[in-house]
Amino acid sequence: MYLLFGWIPSIIGIALRGVFYRLILHMDGWAAIENGVRLRFANYIRLGNGAYLDQGAYLHACPKGIEIGEGTIIMHGAILHVYNFRDMPQSGIKIGRDSLVGEYSVIRGQGGVTIGDRVYTSPFSQVIAVNHVFDDPMRPFVEQGITAEGIVIEDDVWIGAGAVITDGVRIGKGAVVAAGAVVIKDVSPYTVVGGVPARLLKTIESGQPHERLKQIY
């Protein structure tokens, strides 16, 4: 299927893939898939109506697979990876509607990643729901196993460029994660966090004046 239709550029290729990729993955309505998109275990992938996969995106699904909601955009070079060779029941990636995964962002779903509606991850961000154990100095870390607690990102969250969300974290509704932050603990709703490790920078409240005059579009 990929050899026949995966390389075809332009709107013609998008149309052909929209028809024939239904044979290998699940589509609710119509989704747009650009040329050069790589899909592994496509039978575990579900695309909502109006979902868009940009050129060079890579989706590697295992049970429970990858679910991308209605109107959600996966940008160029993004990687959504569920590498579940340990047969963990919680593994999977679920993204709500009208969200965006930025260019070259990485989401690893071994511990399970749930992302809400209208969540934007900026370019080069990472959401990594897995961690290596390295407690024993007498053994290589690759022999000590992993932890995979999972990550939840609630609705209306904005994650800045290059930010890293580590395993076991929950980010509350309406929160903002600054560019380059490393989040190692839960983030409260309607707060801004930044730094390494991330810490509270401000609380978002109604009626706050803008720090400086800006043109809003």
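I began with the terms: two strands pair if DSSP finds at least two bridges between them, and strands are DSSP runs of E with at least two residues, numbered from the N terminus.

I noted that this is a predicted model, in which local features need pLDDT of at least 70, side-chain atom pairs count only at pLDDT 80 or more, and totals for chains, interfaces and linings use all residues. Residues are numbered from 1 along each chain as its sequence is written, and side-chain values use heavy atoms, with hydrogens and water left out.

Entry on the open sheet. I traced seven strands with parallel pairing, in the order β1-β4-β7-β10-β13-β18-β21. β1 (26-27) and β21 (170-171) stand at the edges with a single partner strand each, so one side of each is left without a neighbour in the sheet. Looking inside this order, I found β4 (residues 45-47) running parallel to β7 (residues 66-68), joined by three bridges, and there Leu 47 stands opposite Ile 68 of β7.

Entry on β24. Which way do the residues of strand β24 point? Thr 191 and Val 193 point one way and Val 192 and Gly 194 the other way, and all are buried (under 20% relative accessible area, with a 1.4 Å probe and protein chains only). I recalled that side chains in a regular strand alternate between the two faces of the sheet.

Entry on the partners of β24. Strand β22 (residues 176-177) pairs with β24 in the parallel sense over two bridges, where Val 176 has Val 192 as its bridge partner. Strand β25 (residues 199-203) pairs with β24 in the antiparallel sense over four bridges, and here Val 192 has Lys 202 as its bridge partner. In the hairpin of β24 and β25, four residues lie between the strands, and Gly 195 takes a positive phi near 100 degrees.

Methods
Buried means under 20% relative accessible area, exposed over 50%, partly exposed in between (1.4 Å probe, protein chains only).
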